[in-house]
Amino acid sequence: MENFYVGFEKQLREIDRGEKKRLLLHACCCPCSSHCLEVLSQHNFEISIFFYNPNIDEQDEYLKRYEELIRFTREAPFATQVKIIDGGYEPEIFYEMAKGLEDLPERGKRCYLCYEQRLAKTAEYAYNNGYDYFSTTLSISPYKNATWLNEIGKKMELKLQGPYHNKAEVDEAENDHPCLFLYSDFKKKNGYKRSIELSQEYNLYRQDYCGCVFSKEERLRAIAKRKQENNKPE
């Protein structure tokens with residue numbers, strides 16, 4: 001499926017026709033979550049945010065993002081019923097995964113494995129705690145690969161089902177239940193622009209790097225390069 005937003009809208013129509021579904025939404029930060037929650041709150045979900053980001057370089061940064069999510073869900077009318085779950089700060093897991101990939105540029109293999117790491121944990125938690133769906137806010141960013149995110153999410157869904165690749169079989173299986181991936185491409189329909197507007201409206205802390213030390217270093221190099229170019233004599 002190339003147009004994941006079309007798949008997302010189809011899923012929403014089906015969900016809205018039935019009973020309320022429990023959704024576990026992985027979140028990387030508050031600004032990215034803002035518009036995602038605004039959209040999802042209009043549909044038939046009981047939403048929990050799963051804050052799991054072992055890639056974040058410093059614990060202070062991790063806590064700052066987590067606490068901003070808590071504040072936003074208390075202040076935004078469409079998010080007051082959202083539960084926030086701290087998946088735990090585990091930077092050692094990220095650095096173990098990134099061994100040998102430190103010098104790769106952003107948006108490469110290291111980023112793919114980082115997405116996979118976070119979505120795997122989200123899917124596992126969703127399944128073990130009886131959620132009907134899981135998804136991620138990451139696709140709202142124009143700097144994140146939505147195709148990768150959706151492919152990984154679908155792969156995790158199938159992994160959860162194990163031998164049960166048919167929903168009817170999962171429903172009938174003892175001690176098993178379907179836990180499905182909700183497609184996403186939240187940047188569509190000006191979603192990223194709306195997240196910036198909500199960030200301004202609620203005065204949200206908006207970081208300028210994805211979270212990992214590698215993205216921070218790349219960002220600092222880009223800033224230094226711009227400064228150097230601006231200081232060049234005419």
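In what order do the strands of the open sheet stand, and is their pairing parallel or antiparallel?

Mentor: Please keep in mind throughout that this is a predicted model. The open sheet has five strands, arranged in the order β3-β2-β1-β4-β5, and their pairing is parallel. At the edges stand β3 (83–86) and β5 (180–181), each of which pairs on one side only. As a general point, the strands of a sheet pair through backbone hydrogen bonds, in either a parallel or an antiparallel way.

Let us begin with β1. Strand β1 (residues 21–27) pairs with strand β4 (residues 133–136) in the parallel sense, and four bridges join the two. Within this pairing, H26 is found opposite T136 of β4. Strand β1 is also joined to β2 by seven bridges, and these two strands run parallel. How enclosed is β1? Five of its seven residues are buried, so the rest of the structure largely encloses this strand.

S48 belongs to strand β2 (residues 45–51), and S48 is the bridge partner of L24. Is S48 buried or exposed? Its relative accessibility is 3%, and because buried means under 20%, S48 counts as buried. Leaving aside residues up to four places away in sequence, S48 touches L23, L24, L25, K83, I85 and Y131. Take a moment to find these residues in the structure before reading on.

Helix α3 touches β1, β2 and β3, and its direction makes about 165° with that of β3. Helix α3 also has a helix as a neighbour. In general, two packed helices are described by the angle between their axes and by the distance between those axes. For helix α2 (residues 30–40) and helix α3 (residues 59–75), the axes come within 9 Å and cross at roughly 30°. Angles under 35 degrees count as roughly parallel, so α2 is roughly parallel to α3. Their crossing is right-handed. On the α2 side the contact is made by C30, S33, S34 and L37, and on the α3 side by E68, L69, F72 and T73. These residues divide into four nonpolar, three polar and one charged.

Helix α2 has a further partner in helix α8 (residues 191–201). The axes of these two helices come within 8 Å and cross at roughly 110°. An angle of 65 to 115 degrees counts as roughly perpendicular, and α2 and α8 are therefore roughly perpendicular to each other. Here P31, S34, H35 and E38 of α2 meet G191, R194, S195, L198 and S199 of α8. Sorted by class, this contact has two nonpolar, five polar and two charged residues. You will notice S34 in the contact with α3 and again in the contact with α8.

The loop between β5 and α8 contains K189. Most residues other than glycine have a negative phi. K189 is not a glycine, yet its phi is positive, at about 55°. With a relative accessibility of 63%, K189 counts as exposed.

Q11 has a relative accessible area of 13% and is buried. Its contacts, not counting residues up to four places away in sequence, are Y133, F181, L182 and Y183.

Finally, one more helix pair may be set beside those already described. Helix α5 (residues 109–128) and helix α6 (residues 146–161) have axes 9 Å apart and pack at an angle of about 40°, which makes α5 oblique to α6. The crossing of α5 and α6 is right-handed. Among the residues of this contact are Y112, Y115 and L119 of α5, and W148, L149 and I152 of α6. The contact of α5 with α6 has eleven nonpolar, one polar and three charged residues. In the loop between α4 (91–97) and α5 lies R107, which has a positive phi of about 75° although it is not a glycine.

Technical notes:
Residues numbered from 1 in each chain as written. Predicted model: local features only at pLDDT ≥ 70, side-chain atom pairs only at ≥ 80, totals over all residues. Heavy atoms only, no water. Axes fitted to C-alpha atoms, helices over the stretch in contact; angles between N-to-C directions. Parallel < 35°, antiparallel > 145°, perpendicular 65-115°, else oblique. Left-handed = near helix turned anticlockwise from the far one by under 90°. Contact = heavy atoms within 4.5 Å. Nonpolar A, V, L, I, M, F, W, Y, C, P; charged D, E, K, R; others polar. Buried < 20%, exposed > 50% of the residue type's maximum accessible area, 1.4 Å probe, protein only. Pairing = 2+ DSSP bridges.
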